[in-house]
Amino acid sequence: MASAPLPDGLLSQEPLLQVRGLTVEYDTAAGPVRAVESFDLDVLPGEFVGVVGESGCGKSTMLFGIAQLLSPPARISAGSVLFKGSDLVTMTARELNATRWRDVSVVMQSAMNALNPVRQLASQYEDVMRAHGEKSSSVIRQRSEEVLALVGIDKTHLKSYPHQLSGGMRQRAMIAMALLFTPDLIIMDEPTSALDVVAQRSLMVQIKELQQRLGFAVVFVTHDMSLVSHFSDRLVVMYAAKTVEIGPTRDVFAHPGHPYTQGLLDAFPSIRGPRVPLTGIPGSPPNLLNPPTGCRFAARCPHRFELCDIAPDMYDTGHTLAACHLHAASREEALR
Amino acid sequence: MRFLLHRLGFFALTLWAAVTVNFFIPRLMPGDPASAMMARFHGRLNPAAVHAMAIAFGVDANQSLWSQYVGYLKNTVTGNFGTSLTYFPLSVSSQIAQALPWTIGLIGLATVLAFVGGTLIGTISGWRRGGAVDSIVPPVFVVTSALPYFWVGMMLILVFSVWTNGALPNDGAYSLDATPALSGPFVLDVLRHALLPALTVLITSIGAWILTMRNNMVTVLAEDYVRMGRAKGLSNRRIMYQYAARNALLPNLAGFAMSLGFVVAGAILVEYVFNYPGLGYMLLNAVNNLDYPLMQALFLMITVAVLVAVLICDILTAWLDPRARSAS
Amino acid sequence: MSATILAGTPGTAEVPRRSSRRRGGGLLAAVRSNRKAMVGVVLLVLFTVVAAFPQWFTSIEDPDAHQFELSLPPSSAHWLGTTAFGQDIYAQLIYGTRQSLVIAIVVGGLATVLSVLVGVSAAYLGGATDSALSAMTDVFLVVPTFPLIIVIAAYAGKGSLTVIIGVLVVTGWSYGARQLRAQALSLRNRDFLESARVRGERRSYIIVCEVLPTMTSLILATFLGSALYAVLTAAGLQFIGLGDSSSLSWGTMLHWAQSNSALQSGQPLWVIAPGLCIALLGASFALLNYAFDEISNPALRPIRRPRGKRSAS
């Protein structure tokens with residue numbers, strides 16, 4: 001259960017987003033592959049949640065699963081996604097379309113691919129506003145200029161096509177588009193990965209500023225743990241389609257409960273600390289076509305012991321929640 | 001703008017190549033065309049006819065090859081193609097002017113219809129993958145697009161003309177006893193005569209458009225901006241047309257431009273089968289009558305028609321794709 | 001005629017993807033599982049057998065001889081009837097297979113070779129050579145070659161088989177050259193080529209031993225497309241009388257049928273049969289081409305699942 005200790009500064013509120021048991025399967029010729037298995041997450045209003053994991057761990061699939069943006073052969077095979085109380089998975093298309101963008105918007109990895117290359121920015125902002133009932137051209141134009149101003153882009157660029165903007169500007173234009181209705185939740189799939197380090201940081205700073213100013217919640221997926229850690233309130237670590245650790249960012253870094261998280265942290269050298277030899281994590285993730293029945297990280301874990309043949313629950317380590325039997329209160333608890 | 005200038009340059013280059021080929025073919029063939037002609041039309045040629053051929057070939061024994069070439073170029077540019085040998089003493093240009101509207105009207109219209117219709121069907125087929133439409137469409141149209149144009153025409157004649165005892169005509173552009181005029185009955189007559197040939201072109205050419213558009217749609221639908229369109233809560237229709245089809249269409253247009261050579265081949269055969277008095281039919285008759293001036297001019301005219309169509313496609317592409325406008 | 005625009009063309013926006021290497025075993029399995037490919041292969045094999053051993057399929061030894069009664073309807077003696085000259089239509093069909101198939105394969109092969117030479121060279125030599133070769137390719141592509149062939153044939157006299165093959169190759173290579181060049185260009189900067197360069201391999205080695213094998217599927221598609229082009233265009237030429245009218249092929253059969261107004265005089269089979277054969281041979285190439293496109297790009301394969309709530313989701 002994802003009822004992690006609440007981050008400081010946030011009142012005890014109704015969660016904006018409640019994901020329970022989300023499972024996404026891909027139908028392949030060799031059989032169904034579970035890219036996301038029983039994913040749980042609560043997101044409070046205004047919270048910044050980072051999701052990290054290596055390539056192929058299922059984080060992007062999970063994100064699109066939440067946003068109901070999966071394409072065949074992927075499909076949600078189990079679970080619910082409660083947004084403000086309504087289950088997005090079982091909603092009708094009409095209800096879903098009304099919620100889309102107004103309440104939940106999306107920012108993707110590459111704006112060059114995510115923006116329609118043959119239409120001007122203005123028309124791409126316009127069509128979503130019209131789709132949600134806005135009829136007045138002047139209101140549309142005004143709002144478009146407002147969001148561009150929020151991200152620091154001059155309004156003359158409304159007439160530009162995506163390929164005419166620089167990479168950083170494109171990403172910001174995409175973020176501006178996501179803010180059109182000032183939604184409650186913005187889902188971001190590695191929006192900074194396509195940029196250089198300097199642009200990355202400035203974009204992250206801008207996102208954080210906007211978030212604090214406008215108050216939306218963010219679920220931010222990335223493989224770059226160190227980058228997101230400066231900005232997120234909570235961190236989710238995924239491995240082989242499952243959540244292995246979740247907790248306040250500071251605690252995940254200072255007191256990692258799961259050996260995988262520890263391994264990830266050890267892979268980043270510290271700028272200030274003493275020189276230590278870099279340790280990677282030997283081995284590779286399991287084949288999801290036929291995942292192991294016990295703990296999925298066991299094969300690569302330096303702390304493996306005999307209980308690891310049983311799939312672990314999420315245990316409270318006192319700082320975070322970690323899916324590792326090392327934190328079971330007793331042997332009996334682990335076997336339950 | 002630069003893009004269009006580039007294409008116009010290509011247009012000019014191709015035209016020049018065609019004209020030059022036209023100039024050199026008679027000279028590369030064994031024997032001297034002029035004297036061969038004289039021998040064939042022995043006694044029937046008067047000085048005017050000789051002069052006609054001289055213009056058509058640019059042949060003038062008194063001049064060097066280069067000045068013959070220049071003279072030929074000049075004649076071509078001014079539209080002076082000489083006199084037709086079959087329709088003597090009518091000029092070649094007048095004959096072409098007569099046949100041109102029939103070809104553009106029938107073949108041109110049918111081809112455009114096939115492209116537009118095929119693109120539409122391909123869009124829907126690609127959008128609804130796995131649906132009923134999509135499981136039938138590809139195999140059926142792969143086969144129809146491999147059918148020879150002329151054979152389809154003959155089959156249509158068999159079914160709709162011969163077996164129905166002439167319900168639909170299969171010969172010419174209008175009935176022999178009809179008088180050309182802009183009257184209702186005449187127009188109807190023309191349409192009746194155009195039905196089978198147009199159907200032939202439609203049936204054989206639509207397949208390729210459906211299939212390429214469908215494949216393009218499938219590729220485009222996997223793109224992020226389509227997913228973004230769904231994320232924005234846009235209607236399916238809007239995504240299908242404005243996001244997917246708009247992008248999938250672009251390579252299709254390029255393909256259309258490149259396929260025009262095949263369209264012309266098919267057109268010639270269809271006109272032949274149906275005795276339809278267009279440029280293709282005239283070309284084949286000219287070949288049978290060894291009317292060289294007419295033949296060469298027709299080849300040139302067909303080339304110009306194709307180039308104009310290609311240019312139109314280029315303009316359309318530039319209009320639809322902002323990236324093409326900025327690219328060099 | 002328009003089928004040559006299919007699969008693997010610039011019009012399908014997929015040219016750079018057809019670069020996966022495939023081992024022989026994988027290919028065979030893929031072909032067997034794809035229905036379209038199977039139909040195409042079966043047809044092709046059938047025609048090849050008929051072309052190679054016509055005597056297995058008919059007892060008549062000289063189908064051109066005017067040895068039977070004129071214009072007979074189909075019967076047990078003459079399955080498809082006889083022509084207006086007294087020839088057995090079925091026998092003609094069988095023996096005519098050879099020329100049609102030979103033209104398809106030979107033109108397909110030669111045109112592909114030419115396409116590969118021009119296309120790949122243009123991509124690798126770059127610069128002015130590339131511009132010149134590309135311009136030449138585009139001109140050949142745009143100029144309507146069918147009327148050109150007609151004009152040339154008129155001057156050169158009615159063609160022999162060699163002339164037809166020659167003309168078809170010269171007019172049919174440009175399409176493939178364009179696509180091959182596009183793919184070769186996209187491969188130029190790939191890592192495995194970079195490693196070959198760094199190893200110090202000669203350029204010719206790189207082109208022949210590294211690049212070409214990666215382009216096999218596109219080269220195959222070019223072959224199939226050229227073969228299809230050859231079948232249909234040759235048939236068209238023979239139909240209007242510009243082929244070798246004295247030799248036997250499906251196109252010439254149609255030519256004689258048309259000259260004798262077969263449709264109008266109640267002899268439709270004389271027209272239907274050879275045309276159907278041309279269509280089937282062409283269809284076999286087209287199906288194979290389309291199937292290979294599906295095999296190399298799995299995204300195009302037919303989905304055999306019930307549709308979900310939202311069609312494109």
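Trainee: Is H6(A) mostly covered or exposed, and how many of its residues are buried?

Mentor: Keep in mind that this is a predicted model. H6(A) spans residues 167-178 of chain A, and the buried ones include A:Arg170, A:Met174 and A:Ala178. Put together, H6(A) is mostly covered, with the buried count at 9 of its 12 residues.

Trainee: What do the buried residues of H6(A) pack against?

Mentor: Both helices and strands of chain A turn up here. The strands are S6 (104-107) and S7 (185-189). The helices are H3 (111-114), H4 (121-131), H5 (137-151) and H7 (197-214).

Trainee: Which strands sit at the edges of the open sheet in chain A?

Mentor: Start with the order, which is S2-S1-S4-S5 with antiparallel pairing. S1 (residues 17-28) is joined to S2(A) by 9 bridges, and one of the strand residues, A:Val19, has A:Leu41 as its bridge partner in S2(A). An edge strand pairs on one side only, and that gives S2 (31-43) and S5 (86-87).

Trainee: At about what angle does helix H1 run to S1(A)?

Mentor: H1 covers residues 59-66 of chain A. The helix lies across S1, S2 and S4 (74-83), and its angle to S1(A) is about 115 degrees.

Trainee: Over in chain C, how many helices and strands are there, and what share of the residues is buried?

Mentor: Chain C reads as α after α along the sequence, with 12 helices and 0 strands. Of its 313 residues, the share that counts as buried is 50%.

Conventions
Residues numbered from 1 in each chain as written. Chains lettered and ligands numbered in written order. Predicted model: local features only at pLDDT ≥ 70, side-chain atom pairs only at ≥ 80, totals over all residues. Pairing = 2+ DSSP bridges. Helix = DSSP H or I, 4+ residues; strand = E, 2+ residues; numbered from the N terminus. Contact = placed C-beta atoms within 7 Å. Axes fitted to C-alpha atoms, helices over the stretch in contact; angles between N-to-C directions. Buried ≥ 20, exposed ≤ 12 C-beta atoms within 10 Å, placed from the backbone. Expected span 1.5 Å × (residues − 1).
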